[in-house]
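Subject: Structure for you to look at

Hello,

Here is the structure I said I would pass on. Please open it first and read my notes with it on the screen.

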Amino acid sequence: MQETSVLTKDSQQAAIRDFDLSLDIVRVAEEAAIACYAEIGGGDEKAADQAAVDAMRTALNAIDMDGRIVIGEGERDEAPMLYIGEKVGTGKGPAIDIALDPLEGTTLAAKAMANALAVIAFAPRGGMLHAPDTYMDKLAIGPGYAQGVVDLDWSPEENVRSLAKAKGVDVSEIVACVLDRPRHDSIITSLRKAGARVHLITDGDVAGVIHTAQPETGIDIYLGQGGAPEGVLACAALKCVGGQFQGRLVFRNADEKRRAERLGLSDFDRKYMLDDLVSSDAVFIATGVTHGALLRGVQKETTARGEVFVTTESLVMISKTHTVRKLSMRRPLVKS
């Protein structure tokens, strides 16, 4: 992506501030990814996640900012740290809302499978929806299409046929990304009935949504039900590169509806668009934990002198300038 060519003086200064803060926060994602490296392939999802959570919280609290978690590890009574509403940072600096998933793809990391990420996004205070920890029906496509090409209320078959027509290809050329879950059997059947190709993923639907905006992945559309918090994180990324997203909260019981009400949500049938979930400019950051289509995972190397170095690869996306950067980091590994 190219940066915006003309910016006012104020917008230039704001972009610089966003970039400076994004460099601070990319270190947060790096530390989370490095911290859970030792747990990759160990089979213990909780240990991997806890390592990432601990490292991310410590790194966040070292940054000069007035940060507030709006998407995190759960509500305060469920999560001892990085819970929704928790304040992070030194309290000095910009007031921002933070959405995060210290280890997106805990199963992927525990089984040493591809595409595990440490993910964090931020926006000015009030810029991201406080989504409850419930499921969400999701539909996403990449940039370049008119509004109304797809619709969450249509069947999967109708959506891929409409998308194929808009793209000017046969429906057999459309690739749909779907989480491989029994609850999606009807979606998969509908897609294949239409003649579309189905790309199944085991976990990591944030990356799945982002892939719709990356032509090199071959993914045209994402459909299915996943976590609502991950929907907000994915929208922060799409905000930076373009694309469309629609989502609707799914409630399994009365307790989940009460959770939504505590966050100020009362229209349980509302169809959320991308700008409803992320209403302001945002910055999205992801660091690879395991190798994947989006990023390379954490790597360690030992030199001939016995020094151990660690290398990470991160994605930094800024909506204000529509800028996408990949950053590689290499440093000595400091043992705790």
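Predicted model: local features only at pLDDT ≥ 70, side-chain atom pairs only at ≥ 80, totals over all residues.

Gly204 sits in the loop between strand S7 (197–201) and helix H6 (205–210). With a relative accessibility of 11%, Gly204 counts as buried, because the cut-off for buried is under 20%. Apart from its neighbours within four places in sequence, Gly204 is in contact with Glu104 and Leu179.

Is Pro182 buried or exposed? Its relative accessible area is 66%, so Pro182 is exposed; the cut-off for that class is over 50%.

A "binding site" annotation in the unreviewed UniProt entry also covers Asp101, Glu104 and Glu230. These residues are spread over 130 residues of sequence, yet they cluster in space, with a largest C-alpha distance of 8.7 Å. The lining of the largest pocket includes Asp101, Glu104 and Glu230.

Glu104 belongs to strand S3 (residues 95–104), and its relative accessibility of 3% makes it buried. Not counting residues up to four places away in sequence, Glu104 touches Asn115, Ala116, Leu117, Val119, Gly204, Asp205, Val206, Ala207 and Glu230.

Glu230 is part of helix H7 (residues 228–241).

Now look at H7 as a whole. How far apart are the end C-alpha atoms of H7? They are 20 Å apart, which agrees with the 20 Å that its 14 residues should span at 1.5 Å a residue. Of the 14 residues of H7, 13 are buried, so the helix is largely enclosed by the rest of the structure. Just after H7, Gly242 takes a positive phi of about 95 degrees.

Another helix to check is H4 (residues 156–167), where Asn159 is placed. Asn159 has a relative accessible area of 2%, so it is buried. Leaving aside neighbours within four places in sequence, Asn159 is in contact with Leu139, Val150, Asp151, Trp154 and Ile221.

Asp267 lies in the loop between helix H8 (254–262) and strand S10 (272–273). Asp267 has a relative accessibility of 45% and therefore counts as partly exposed. Asp267 and Leu277 are 10 residues apart along the chain, and their C-alpha atoms are separated by 14 Å.

Two notes on aromatic rings remain. How many aromatic pairs does a search of the whole structure find? It finds one. Separately, Arg330 lies over the face of Phe309, at 3.9 Å from the ring centre.

Regards

Methods
Residues numbered from 1 in each chain as written. Heavy atoms only, no water. UniProt positions renumbered as here; feature names shortened; annotations may be inferred. 1 Å grid on protein atoms, 1.4 Å probe; cavity = no way out; pocket = protein on both sides within 12 Å on 5 of 7 lines; lining within 4 Å. Helix = DSSP H or I, 4+ residues; strand = E, 2+ residues; numbered from the N terminus. Buried < 20%, exposed > 50% of the residue type's maximum accessible area, 1.4 Å probe, protein only. Contact = heavy atoms within 4.5 Å. Phe/Tyr/Trp six-rings, centres within 6.5 Å; stacked < 30°, edge-to-face > 60°. Lys NZ or Arg CZ within 6 Å of the ring centre and 35° of its normal. Expected span 1.5 Å × (residues − 1).
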